[in-house]
Amino acid sequence: MAWDFSTEPEFQEQLDWMRQFVREEIWPLETIADELTQEQLDRVYAPLQEEVKRRGLWAAHLSPDLGGQGFGQLKLGMMHEILGTSAFAPNAFGNQAPDSGNSEILAMAGSDEQKERWLQPLLAGDLKSAFSMTEPEVAGSDPTTLRTTAVRDGDEYVINGHKWFSTNGSIADFLIVMAVTDPDARPHQRASMIIVPADTPGVDIVRDIGTMEHPVTESFGKLGNHAEIRYENVRVPVDNLLGDEGAGFLIAQHRLGPGRIHHCMRWLGVSSRAFDMLCERSLYREARGGPLAEKQTIQNWIADSAAQMHAARLMTLHAAWKMDAEGASAARREISLIKFFGATVMHDVVDRALQIHGALGYSTDLPLEAMYRFARAARFYDGPDEVHRETVARQILRGYEAPADGVPTEHVPTRREEARRRFADILEAVTAND
Ligand SMILES: Cc1cc2nc3c(=O)[nH]c(=O)nc-3n(C[C@H](O)[C@H](O)[C@H](O)COP(=O)(O)OP(=O)(O)OC[C@H]3O[C@@H](n4cnc5c(N)ncnc54)[C@H](O)[C@@H]3O)c2cc1C
């Protein structure tokens with residue numbers, strides 16, 4: 001039976017290098033990113049990205065024939081755990097959301113021409129992309145309600161609609177837009193994915209939305225912003241359709257599986273960084289005659305956080321392993337489990353780390369308040385907790401059925417009666433011997 005938790009020594013070396021590289025070269029960027037324009041940021045990134053390419057760690061999520069490393073989800077999980085420690089790290093490794101998910105869509109559903117025109121430059125880091133599905137007017141958690149339309153007119157689609165929270169929409173060179181192509185089809189066959197170059201007439205990037213993530217300094221056109229976009233009579237060639245017409249949900253399902261697990265992996269990185277701060281603080285802060293580390297509540301926080309993080313890590317890596325072994329569809333339950341569990345673990349660990357730092361934790365002198373705001377969003381992007389719980393519960397319940405007679409299977413008096421019948425001989429002998 002194969003059941004192995006070890007890491008190949010060569011890959012462990014790469015992970016060790018990554019850990020040091022991210023800490024020394026990327027973490028410092030966090031403190032000055034607000035002072036830099038996107039163009040300056042790109043200049044800072046260029047040599048870092050070169051170094052990552054030289055080490056053979058660029059775009060690790062895709063297969064080698066597509067310019068990636070073909071590491072599979074398990075190795076990627078360990079890498080993302082390190083990249084997740086900083087929001088700025090994935091961009092240096094060519095696998096930041098949403099580009100990583102979009103490159104997976106192009107790899108899976110793109111034609112040869114689409115791959116050449118959009119995927120190769122995306123992988124090379126020469127283009128940026130966005131995924132434009134959620135709309136303010138309808139529930140993002142139920143995309144069968146989407147209203148954006150793409151109507152065929154000769155050799156073109158004419159797109160009309162209103163989207164928001166298209167991450168990186170304001171810096172993207174192209175957008176992958178989810179639009180209804182056949183309103184009369186069955187709900188999950190109505191929508192398609194279409195590539196829309198950002199400079200197409202009619203694409204109106206209205207604003208980058210102020211969020212909990214960036215509550216004070218509203219900026220426009222920066223990595224990680226979330227755009228509101230209006231599509232007004234946007235015309236693109238029918239060749240920009242990804243896959244078949246009506247295959248939008250199918251493709252989204254394939255994209256979201258790996259995308260979700262990559263998020264969970266990164267959250268482990270956030271959790272572990274917050275955990276380090278929690279532990280460090282407990283050792284030097286003194287209150288009521290001793291360090292906080294000696295208070296039972298703090299010890300509970302440390303132990304509970306360690307246990308939750310360990311569980312989340314094993315669940316994430318198990319889901320990754322299952323995806324590698326059996327594919328994303330087979331791992332749906334595992335992915336949903338870790339999506340809501342991992343988000344809660346990150347939230348709880350960051351919350352405890354913030355709490356132990358008191359006013360300092362609440363201040364912008366530490367990254368904890370930003371981590372806390374980041375952690376909050378994780379509970380609904382890529383599917384709210386409630387929807388993932390629903391998916392898990394439904395799948396689990398398929399393995400059960402209600403008792404035909406309405407009596408619970410474990411009902412003790414019923415089971416006792418059955419056992420008495422079954423062991424009547426022995427029971428009678430015992431009674432006779434009494
Ligand atoms: C930081 C961030 C980045 C994002 N990036 C992108 C992006 O790049 N592209 C994109 O298209 N979208 C993006 N989104 C949007 C995201 O995908 C949606 O917010 C998400 O799908 C939820 O949709 P909604 O906001 O419309 O909430 P709704 O669908 O209106 O849901 C609101 C709430 O209703 C409840 N609910 C919903 N369904 C159920 C149910 N079945 N049972 C019980 N309760 C339920 C939940 O509490 C849920 O949180 C991003 C969002 C955030 C916050």
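This note reviews the ligand surroundings and the cysteines of a predicted model.

1. Basis. The model is predicted: local features need pLDDT of at least 70 and side-chain atom pairs count only at pLDDT 80 or more, while totals for chains, interfaces and linings use all residues. Residues are numbered from 1 along each chain as its sequence is written, and side-chain values use heavy atoms, with hydrogens and water left out.

2. Ligand shell. The ligand is surrounded by 16 residues, a residue being counted if one of its heavy atoms lies within 4 Å. The closest are Phe131, Thr134, Gly140, Ser141 and Phe165. By class, the shell holds 9 nonpolar, 5 polar and 2 charged residues; Gly counts as polar and Cys as nonpolar.

3. Polar contacts (pairs of N or O atoms within 3.5 Å). A ligand nitrogen is 2.7 Å from a polar backbone atom of Phe131. A backbone N or O atom of Phe165 is 3.1 Å from a ligand nitrogen. The side chain of Glu386 places an N or O atom 3.1 Å from a ligand oxygen.

4. Cover and elements. Of the 970 Å² of accessible area that the ligand has on its own, the protein covers 67% (Shrake-Rupley method, 1.4 Å probe). Strand 3 (156-167) and helix 12 (385-397) are the elements giving two or more residues to the shell; helix 12 gives the most, with 3 residues. Helices (H or I, at least four residues) and strands (E, at least two) are DSSP runs, numbered from the N terminus.

5. Cysteines. The whole structure contains 0 disulfides (pairs of cysteine sulfur atoms within 2.5 Å). Cys264 is buried, at 3% relative accessible area, whereas Cys279 is partly exposed, at 23%. Buried means under 20%, exposed over 50%, and partly exposed in between, with a 1.4 Å probe and protein chains only.

How values were computed
A polar contact is a pair of N or O atoms within 3.5 Å; within protein, one must be able to donate a hydrogen and the other to accept it, and residues adjacent in sequence count only if both atoms are side-chain atoms.
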